[in-house]
Amino acid sequence: MKSYLGIDIGAGSIKASLVDKSGNILKQTSRTTGAETNEKEFLDSIVDIVSELEDPSLVAVGIGSPGPIDTENGILIQSANLPLLANVALVAHLKKNFKFPVYYNNDANLAALGEYRFGLGKGSSNLMILTLGTGLGGGWVYQGKLFNGYRGSGMEAGHVTYLPGGSLCGCGQRGCTEAYFSASGFLHRYHETTGNHLSSAEEFFENVRKGEKVAVTLLNEGIDALSQLCRTLIHTVNPEKIVFTGGLVKSWDLYGNILKEKIHGLIFPIFRTYTQILPGGNVAGALGAAALCMENHE
């Protein structure tokens, strides 16, 4: 039996799973990250994870992280949510410590690959993924092939402009869709509006559930922004399915139907008849990273 190690780098944690070809999780572990995480701490955590999950059946390691990245040279160029990391030679560091092949790609790209292999997008000829988490990412699998862009930083959908000159995004620009529909966006805009800090996206959505006016207004603005992004993607690449993944999908009942209605009101009538808009979220990011290994070992 062959196994594959998938590592998913996020704003708050690094999650890893050792999986078999069918996506069954054999072992898993995690490490905490945060805005204060420096390069040494980050690289040490990755090495610790690989050492912990190393197995005689392991044939390759796959890693996904937020962008922008350089897949060709295995470099994490920058991360809006891990600001102390810049031009980190991630793949070279792992290859120095281990003998396994190491593959690296954008986390949202790998979410798309994971959904294509193991989730709601399985077998889709034209699959678009939008990851709703700390940030907002995008991934696209077309006719079985992951779209990377030039060096792996394609489909940065969260940084498509919704409102020029609008709210500040973690990338440093203003008006990105991510600034309006993401955990960081909701928390930043809530503080901007009220002067109060919320501890988490869960607390924000709990306020929505209670009917708090500010939270409801911000969510509705976020839905407007996300629906416009989906309109752009549908008209541009004509996907069969758009699958939403990530932690914010847990609150789909608060916005999913409204979002679908708004999207349907914005797109060409013919697209309404076949474009599927679905909440996913069951495929872990680490599975997508493992799927990247499988793509290169079949």
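Tutor: What follows takes several labels in turn and sets each value against its cut-off, with the reminder that this is a predicted model.

Student: What makes Pro-164 buried or exposed?

Tutor: Pro-164 sits in the loop that joins strand E11 (145-146) to helix H4 (183-194), and its relative accessible area is 67%. Since exposed means over 50%, Pro-164 is exposed. Its C-alpha atom is separated by 19 Å from that of Leu-233, a residue 69 positions away along the chain.

Student: What is it about the phi of Met-155 that deserves a remark?

Tutor: Most residues other than glycine have a negative phi. Met-155 is not a glycine, and yet its phi is positive, at about 60°.

Student: Which value does the phi of Gln-143 take, and how do you know whether Gln-143 is buried or exposed?

Tutor: The phi of Gln-143 is near 50°, again a positive value in a residue other than glycine. Gln-143 lies in the loop between strand E10 (136-142) and E11, and its relative accessibility is 58%. Because that value falls in the range over 50%, Gln-143 counts as exposed.

Student: What makes Phe-268, Ile-270 and Tyr-274 a patch?

Tutor: A nonpolar patch asks for side chains of the nonpolar kind within 5 Å, in residues with over 30% relative accessible area and no salt bridge. Phe-268, Ile-270 and Tyr-274 form such a nonpolar patch on the surface, and together they have about 310 Å² of accessible area. Tyr-274, in the loop between helix H8 (269-272) and strand E13 (276-279), has 35% relative accessibility and therefore counts as partly exposed, the class between under 20% and over 50%.

Student: How many cavities of 30 Å³ or more does the structure hold, and what lines the largest?

Tutor: There is one cavity of 30 Å³ or more, and the largest cavity has a volume of about 30 Å³. The term cavity applies where a 1.4 Å probe fits but cannot get out. Its lining consists of Val-50, Val-61, Leu-94, Lys-95, Phe-98, Phe-100 and Val-102, which divide into six nonpolar residues, no polar residues and one charged residue.

Student: What makes the second largest pocket a pocket, and which residues lie nearest its centre?

Tutor: A pocket, in contrast to a cavity, is an open set of points with protein on both sides. The second largest pocket holds about 230 Å³ of space, and among its 14 lining residues Thr-71, Glu-72, Tyr-103, Tyr-104 and Asn-105 lie nearest the centre. Helix H2 (90-97), strand E8 (102-106) and helix H9 (285-296) each contribute at least two residues to this lining, and the largest share, four residues, is that of E8. By class, the lining of this pocket has six nonpolar, six polar and two charged residues.

Terms used
Residues numbered from 1 in each chain as written. Predicted model: local features only at pLDDT ≥ 70, side-chain atom pairs only at ≥ 80, totals over all residues. Heavy atoms only, no water. Patch = residues over 30% accessible without salt bridge, like charges linked within 9 Å, V, L, I, M, F, W, Y side chains within 5 Å. Areas by Shrake-Rupley, 256 points an atom, 1.4 Å probe, with all protein chains shown as cover. Salt bridge = Lys/Arg side-chain N within 4 Å of Asp/Glu carboxyl O. Buried < 20%, exposed > 50% of the residue type's maximum accessible area, 1.4 Å probe, protein only. 1 Å grid on protein atoms, 1.4 Å probe; cavity = no way out; pocket = protein on both sides within 12 Å on 5 of 7 lines; lining within 4 Å. Points joined across faces, edges and corners; volume = space filled by probe spheres on them. Nonpolar A, V, L, I, M, F, W, Y, C, P; charged D, E, K, R; others polar.
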